[in-house]
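Keep the viewer open as you read.

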Amino acid sequence: MRTLPSLLFCVALLGPASALAAGGPLGIDHRLHYDNRGIWNRSDQNMLMYGTVVTVLGGALAFGDQDKLGDTFWRSVDAIVVTSVATQGLKLTFQRERPSQTSDPNQWFAGTHAKSFPSGEVAAISAAVTPFMVNYGKDHPAVYALALLPVYDAVARMKTHGHWQSDVLVGAAIGTGVGLWAAHRNSPLIIGWLPGGFQVGFIHHFK
């Protein structure tokens, strides 16, 4: 897959930084100026997250696994589910406080109330879009624009003090990695657990 998503993340994450690196595992973590207005509003972030899940699940149910598009939707479902389990496990393990809870990016193992590392939302959105970029990006380069979705969410989560820089970077890496795994499997994982492999989607059924 092209390096576009990585380059976009670097530009998006370094661009808003107005202070020197303060700490964290990568030495880059610091609070951004708080901004919960306009496109950075938390409600817009929620709309993107829930909209991504609904679109992927709806597409999987609608198209089934009868063609490339339906197969890609199911791989995206796999990626979201596996990524969500992995990130929740890491949150419970590392228990890092969010920028909204502390100004110190080195507050780890602070208790189960601390769930900053890694960013589950950025991870899930990265996981959702990666199979589509893998399967369609080569023939339709415009599909790589989907990388803008996790980039936006990463910046928005930092601006509203939901995550540190390393939280969103690690989240993006996990989501992209799982998305690549899901895209290159011989067949989608979850659909194989369903009765009859759920081979007929709603759209194919009514054709």
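**A buried residue in a loop**

His-161 has a relative accessibility of 12%, and therefore counts as buried, the cut-off being under 20%. Its place is the loop between α5 and α6. Please keep in mind that this is a predicted model. As a rule, most residues other than glycine have a negative phi, and most peptide bonds are trans.

A second residue with a positive phi is Phe-109, at about 50°, and this one is not a glycine either. You will find Phe-109 in the loop between α3 and α4. Its relative accessibility is 58%, so Phe-109 counts as exposed, whereas His-161 counts as buried. The loop between α3 and α4 also holds Pro-118. Turn to the peptide bond that leads from Phe-117 into Pro-118: this bond is cis, with omega near -10°.

Now step back to the whole chain. The protein has seven helices and zero strands, so to follow it along the sequence is to read α-α-α-α-α-α-α. Of its 207 residues, 47% count as buried. Consider the contacts between residues at least 6 apart in sequence: 74% of them join residues at least 24 apart.

How do two of these helices, α4 and α5, lie against each other? Two packed helices are described by the angle between their axes and the distance between the axes. For α4 and α5 (residues 148-159), the axes come within 9 Å and cross at roughly 175°. Because of that angle, α4 is roughly antiparallel to α5. On the α4 side the residues that meet α5 are Glu-121, Val-122, Ile-125, Ser-126 and Val-129, and their partners in α5 are Leu-149, Pro-150, Asp-153, Ala-154 and Arg-157. By class, the residues of this contact are six nonpolar, one polar and three charged.

Helix α6 (residues 165-184) is the next stop, and Ala-183 is found there. With a relative accessibility of 10%, Ala-183 counts as buried. Which residues does Ala-183 touch, leaving aside those up to four places away in sequence? They are Arg-75, Pro-131 and Val-134. Val-134 is 49 residues from Ala-183 along the chain, yet their C-alpha atoms are separated by 6.9 Å. The C-alpha atom of Leu-169 is separated by 8.4 Å from that of Val-122, 47 residues away along the chain. Val-122 is also one of the α4 residues that meet α5.

Finally, let's look for open space. Rolling a probe the size of a water molecule over the atoms shows where empty space is left. The second largest pocket contains about 180 Å³ of space. Its lining has 14 residues, and the closest to the pocket centre are Met-49, Gln-88, Gly-120, Glu-121 and Ala-124. Two or more lining residues come from each of α2 (42-63), α3 (68-94) and α4 (120-136), with α3 giving the largest share, five residues. Sorted by class, the lining has four nonpolar, five polar and five charged residues. Glu-121 ties two parts of this tour together: this residue is among the closest to the pocket centre, and Glu-121 is also one of the α4 residues that meet α5.

Definitions and conventions:
Residues are numbered from 1 along each chain as its sequence is written. This is a predicted model: local features need pLDDT of at least 70, side-chain atom pairs count only at pLDDT 80 or more; totals for chains, interfaces and linings use all residues. Side-chain values use heavy atoms; hydrogens and water are left out. On a 1 Å grid over the protein atoms alone, a cavity is a set of points where a 1.4 Å probe fits but cannot get out, and a pocket is an open set with protein on both sides within 12 Å along at least five of seven lines; lining residues have an atom within 4 Å of a point. Grid points are joined across faces, edges and corners, and a volume is the space filled by probe spheres set on the points. Helices (H or I, at least four residues) and strands (E, at least two) are DSSP runs, numbered from the N terminus. Ala, Val, Leu, Ile, Met, Phe, Trp, Tyr, Cys and Pro count as nonpolar, Asp, Glu, Lys and Arg as charged, and the others, Gly among them, as polar. Axes are lines fitted to C-alpha atoms, for helices over the stretch in contact, and angles run from 0 to 180 degrees between N-to-C directions. Angles under 35 degrees count as roughly parallel, over 145 as roughly antiparallel, 65 to 115 as roughly perpendicular and the rest as oblique. Contact means heavy atoms within 4.5 Å. Buried means under 20% relative accessible area, exposed over 50%, partly exposed in between (1.4 Å probe, protein chains only).
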